Amino acid sequence: MITYEYPLGERIRTLLRLEDLFDKVLHFSLADGPYEHHTALLALFEILDVAGRADLKVDLVQELERQRQILLAFRDNPQISEEALSGALYEIEQASSALLSMAGRIGQYLRESEWLMAIRSRTAIPGGACEFDLPSYHFWLNRDFHLRRHDLTTWLNPMLPIRDGLTIVLRLLRESGRSESQLAKRGSYQIMMTGRSAQLVRVRLAREISAVPEISANKYAFNIRFVAPDVISRPRQSEADIPFELTFCSL
């Protein structure tokens with residue numbers, strides 16, 4: 001199955017973008033090659049841009065506290081595993097403490113590095129990170145990969161509380177929904193949003209179905225138009241009936 005996620009608010013949109021960027025940094029920083037480490041550093045710069053909102057930490061701490069209070073209400077419930085509940089509460093409390101211990105603006109220590117900011121400004125230009133533009137960066141990329149990986153870890157680690165916090169929030173959000181089987185007649189599906197509250201929509205398709213969901217939503221209606229993927233010409237709406245799984249998620 002392939003899962004497509006569509007956020008219904010700016011806050012969840014930001015968390016999904018950060019989740020994707022953190023995954024890329026962690027993936028490419030564990031590799032050995034200079035091109036992978038260059039890609040990891042570019043993703044780190046993007047995290048800096050996306051996470052620059054002053055209220056991101058506050059949003060995450062408030063949401064984690066809200067979820068902690070909800071979980072506390074399940075204490076002494078015989079249908080709930082006390083061990084699992086204690087583990088979830090501990091994870092939330094640890095993530096909240098780490099977020100609260102982060103001082104100042106997210107990633108400020110990176111902004112204070114003239115060397116990193118010089119690379120950041122040059123990489124914003126197409127082809128701007130060539131060796132003749134940034135000889136010191138070229139030197140860094142040719143150092144032993146263990147040294148580069150150590151630098152990447154040093155730059156990333158102070159921002160990991162953000163990643164840990166958003167991972168918990170997004171996991172709880174995804175687990176909040178109940179999947180339902182649906183059918184898009186001739187590639188089109190619509191449902192009214194009256195009385196329905198959601199922060200995230202998940203659409204799952206079998207891999208063998210050659211269709212991609214184009215999703216749009218407002219407070220009145222939710223629409224999906226399945227299009228046939230075409231890398232050459234303009235995508236067109238599928239004429240086939242498309243079976244899929246739909247999940248509305250809300251915390």
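Is Phe74 buried, partly exposed or exposed, and why? In this predicted model, Phe74 counts as partly exposed because its relative accessibility comes to 35%. As for where to look, Phe74 sits in the loop that runs between helix 3 (56–72) and helix 4 (82–100).

Four strands build an open sheet, lined up in the order 1-4-8-2, with antiparallel pairing. Strand 1 and strand 2 (180–184) sit at the edges with a single partner strand each, so one side of each has no neighbour in the sheet.

Strand 1 (residues 2–7) and strand 4 (residues 200–205) run antiparallel and are joined by six bridges. Within this pairing, Thr3 faces Arg204 of strand 4. Moving along, strand 4 pairs with strand 8 (residues 242–249), again in the antiparallel sense, this time over five bridges. Here Val201 has Phe248 of strand 8 as its bridge partner. The walk ends with strand 2 and strand 8, an antiparallel pair held by five bridges. In that pair, Leu183 is found opposite Pro243 of strand 8.

Now for the charged side chains. Side chains of opposite charge can pair when their charged atoms come close. The count of salt bridges in this model comes to 17. One of them joins Glu19 to Arg174, with 2.8 Å between the closest N and O atoms. This pair links distant parts of the chain, as Glu19 belongs to helix 1 (residues 10–29) and Arg174 to helix 9 (residues 160–175), 155 residues apart. Arg174 has a relative accessible area of 22%, so this residue is partly exposed.

Another salt bridge brings Arg120 together with Asp49, and here the closest N and O atoms are 2.1 Å apart. Because Arg120 lies in helix 6 (residues 114–123) while Asp49 lies in helix 2 (residues 34–50), the pair ties together parts that are 71 residues apart in sequence. Arg120 is partly exposed too, since its relative accessibility is 23%.

What about a salt bridge inside one helix? Glu65 and Arg68 form one, their closest N and O atoms being 3.0 Å apart. The two are three residues apart in helix 3, so about one helical turn separates them. With a relative accessible area of 32%, Glu65 is partly exposed. Some salt bridges also share partners, and in this way Glu5, Glu19, Arg174 and Arg202 are joined into one network.

Finally, the cysteines. A disulfide is a covalent bond between the sulfur atoms of two cysteines. How many disulfides does a search of the whole structure find? The search turns up zero. Cys130 counts as partly exposed because its relative accessibility is 33%. Cys249, on the other hand, is at 0% relative accessibility and therefore counts as buried, the cut-off for buried being under 20%.

Conventions:
Residues are numbered from 1 along each chain as its sequence is written. This is a predicted model: local features need pLDDT of at least 70, side-chain atom pairs count only at pLDDT 80 or more; totals for chains, interfaces and linings use all residues. Side-chain values use heavy atoms; hydrogens and water are left out. Buried means under 20% relative accessible area, exposed over 50%, partly exposed in between (1.4 Å probe, protein chains only). Two strands pair if DSSP finds at least two bridges between them. A disulfide is a pair of cysteine sulfur atoms within 2.5 Å. A salt bridge is a side-chain nitrogen of Lys or Arg within 4 Å of a carboxyl oxygen of Asp or Glu.
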